[in-house]
Amino acid sequence: MKTALTLSGSIRKGSYNRLLQQHMGKKLAEAGVKVTELDLGDFEMPIFNEDLEAEHTPDSARELAELWRSHDIVFIATPEYNGGSAPLMVNTITWLSRQKPSPFRHAIFGIGGVSSGKYGTIWSLSHLRDSLTKVGALIVPTLLGIGPASQAFDEAGNPVERSVIAKVDQMVTELTLFSRG
Ligand SMILES: Cc1cc2nc3c(=O)[nH]c(=O)nc-3n(C[C@H](O)[C@H](O)[C@H](O)COP(=O)(O)O)c2cc1C
């Protein structure tokens, strides 16, 4: 049985990205994947600074890196801030990029995001894909950009737009079929 981690780059109460995280977790589970939902709020890390590294690498960075190394799939839902990546996402990836062995070279990654703008995190996803690719991650082709957030989900937390529903299915197929061998 394949295993997946899901996480959200927003830890605020009522986060739309958390909704997307939960929805993807549900769809992956329906596809027969064993899903572990993470809360980045449980993995506190200070703002990265090379001076901190030598003696103060946070345990959270080591723990999260080990989780990424030990699962087949990692799904990340990320917000968009000022046309780019949200700081929690950048800080998390920066700390993980310093962990050995690399936590990016085992799992297949899926990335998506929900934002209040109608372009639905396209700039944020573009940044995230570039950054993850640079550190060796294999990311499935489907990008799940969703917006505007306030109209994106019904009361049960399911996406309402047909195109989004189809993309979620497409991403689940890619995440479950792709492998790094
Ligand atoms: C500092 C900041 C910058 C933002 N910049 C953007 C942006 O560039 N594009 C956009 O569509 N939404 C932007 N938003 C709105 C977010 O998309 C919105 O707050 C969204 O709900 C955040 O995701 P969350 O619900 O998972 O926390 C911004 C919000 C904040 C707080």
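Around the ligand in this predicted model, the shell is made of five nonpolar, nine polar and two charged residues. Altogether 16 residues surround the ligand, and the closest are S10, S15, N17, S115 and G117. Two elements, helix 1 (16-30) and strand 4 (80-81), each give two or more residues to this shell.

Now for the interior. The largest nonpolar core holds 46 residues, and L28, I73, V74 and F109 have the most contacts inside it. Take F109 as an example: leaving aside neighbours within four places in sequence, F109 is in contact with V74, I76, L132, A137, L138 and I139.

Helix 4 is worth a look too. Within residues 87-96, which form this helix, L88, M89, T92, I93 and W95 are buried. They lie on the same side of helix 4 because they cover an arc of only 160° around the axis. Their cover includes helix 3 (59-69), strand 5 (84-85) and helix 5 (122-134).

Stepping back to the whole protein chain, you will find six helices and seven strands, arranged along the sequence as β-α-β-α-α-β-β-β-α-β-α-β-α. With a radius of gyration of 15 Å, close to the 16 Å that the globule rule gives for 181 residues, the chain is as compact as a globular protein of that length. Some overall values for the protein chain are gathered here:

| Property | Value |
|---|---|
| Box filled by the C-alpha atoms, along the principal axes | roughly 50 × 35 × 25 Å |
| Buried residues, as a share of the 181 residues | 39% |
| Contacts joining residues at least 24 apart, among those between residues at least 6 apart in sequence | 77% |

Methods:
Residues numbered from 1 in each chain as written. Predicted model: local features only at pLDDT ≥ 70, side-chain atom pairs only at ≥ 80, totals over all residues. Near = placed C-beta within 6 Å. Helix = DSSP H or I, 4+ residues; strand = E, 2+ residues; numbered from the N terminus. Nonpolar A, V, L, I, M, F, W, Y, C, P; charged D, E, K, R; others polar. Core = buried A, V, L, I, M, F, W, Y, C linked by C-beta atoms within 7 Å. Buried ≥ 20, exposed ≤ 12 C-beta atoms within 10 Å, placed from the backbone. Contact = placed C-beta atoms within 7 Å. Arc of directions from axis to C-beta. Rg over C-alpha atoms; globule rule 2.2 N^0.38 Å.
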